[in-house]
Amino acid sequence: TAPAEAQSPPRLDDLARALALRSPGATAAASYAAVLRAWSVPARASAPQLLSFPEVVGALDGHGLAVFSFAAADLDVLRVIDHPVLLGIDAADGVQRIVALRQLSDGEAELEGVVESGPVRVPVEDLMNYWLGDAHLVWRDFEPLPEVIRPGDVGEAVAWLKQALTDVGFSPGSASGRFDAATE
């Protein structure tokens with residue numbers, strides 16, 4: 001038997017009206033769940049009651065995820081990020097909703113949180129008409145590195161830095177965990 005092909009989400013042609021049919025809490029909760037899935041983080045048995053963006057951020061923080069916000073993002077920024085982000089969308093009822101942007105192609109955006117049944121595709125033009133310009137990248141630090149690594153520092157952070165420099169073609173010296181002149 002041939003494996004079933006993944007079906008593309010259905011296309012939606014009126015984003016603002018579809019969002020107005022769902023409560024802000026429902027879109028926030030669905031977007032929160034989509035981001036957890038994107039990071040392979042299991043949801044807790046009892047989902048938190050989410051109504052506002054600060055509540056979503058607090059709930060994500062409880063899972064060890066951080067949010068980096070872009071105040072005036074555009075499509076180019078979203079393409080560079082190339083990772084699921086939370087967006088504020090102005091619904092037809094005038095109340096902002098939170099949605100998760102899963103994917104962006106030339107002509108369409110794949111969003112989650114808009115309808116109860118799951119992700120949908122919307123024309124990029126429709127997204128641009130109602131998107132408020134904010135983008136919130138949900139992130140988890142992979143390496144617990146200090147903010148600044150300086151000459152003379154010793155430890156795992158320096159060893160990681162030296163390996164990263166080697167990986168991109170620099171020659172930081174021996175694989176020691178010491179920030180020496182060659183590392184600098």
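1. The side chains of Arg102 and Glu112 form a salt bridge, with N and O 2.8 Å apart. Arg102 belongs to strand S3 and Glu112 to strand S4, so the pair ties together parts 10 residues apart in sequence. Arg102 is partly exposed, at 39% relative accessible area. Glu112 is buried, at 8%. Bear in mind that this is a predicted model.

2. Glu112 also meets the side chain of Arg37 in a salt bridge, at 2.1 Å from N to O. Here the partners sit in helix H2 (Arg37) and strand S4 (Glu112, residues 108–115), so this pair ties together parts that are 75 residues apart in sequence. Arg37 is partly exposed, with a relative accessible area of 48%. Glu112 therefore has a salt bridge to Arg37 and another to Arg102, while being buried itself under the 20% cut-off.

3. Which residue forms a salt bridge with Asp93? The partner is Arg97, and the closest N and O atoms are 2.8 Å apart. The two ends sit in unlike surroundings. Arg97 is buried, at 2% relative accessible area. Asp93 is partly exposed, at 40%.

4. The salt-bridge count comes to eight. Some of these charged residues form a network: Arg11, Asp13, Glu108 and Arg121 are linked by salt bridges.

5. Now the sheet. Six strands make an open sheet, ordered S1-S6-S2-S3-S4-S5, with antiparallel pairing. S1 and strand S5 (118–123) are the edge strands; each has a single partner, so one side of each lacks a neighbour in the sheet. From one strand to the next, the twist averages 35°.

6. S3 and S4 deserve a separate look. They run antiparallel and are joined by four bridges. Leu101 stands opposite Leu111 of S4. Helix H2 packs on the sheet and touches S2, S3, S4 and S6. The direction of H2 makes about 30° with that of S3.

7. Which residues of helix H3 (residues 53–61) are buried? They are Val56, Ala59 and Leu60. Viewed down the axis of H3, these buried residues fall within an arc of 100°, so they line one face of the helix.

8. What covers the buried residues of H3? The cover includes helix H2 (24–38). It also includes strands S1 (66–70), S2 (85–90), S3 (96–104) and S6 (131–139).

9. Last, a lysine. Lys162 lies in helix H6 (residues 156–167). Is Lys162 buried or exposed? Lys162 is buried, with a relative accessible area of 2%. A polar contact of 3.5 Å joins its side chain to that of Ser176. Leaving aside residues up to four places away in sequence, Lys162 touches Pro172, Gly173, Ser174, Ser176, Arg178, Asp180 and Thr183. Ser176 is therefore on both counts a partner of Lys162, by polar contact and by heavy atoms within 4.5 Å.

Notes
Residues numbered from 1 in each chain as written. Predicted model: local features only at pLDDT ≥ 70, side-chain atom pairs only at ≥ 80, totals over all residues. Heavy atoms only, no water. Buried < 20%, exposed > 50% of the residue type's maximum accessible area, 1.4 Å probe, protein only. Helix = DSSP H or I, 4+ residues; strand = E, 2+ residues; numbered from the N terminus. Arc of directions from axis to C-beta. Salt bridge = Lys/Arg side-chain N within 4 Å of Asp/Glu carboxyl O. Pairing = 2+ DSSP bridges. Axes fitted to C-alpha atoms, helices over the stretch in contact; angles between N-to-C directions. Polar contact = N/O pair within 3.5 Å; in protein donor to acceptor, adjacent residues only side chain to side chain.
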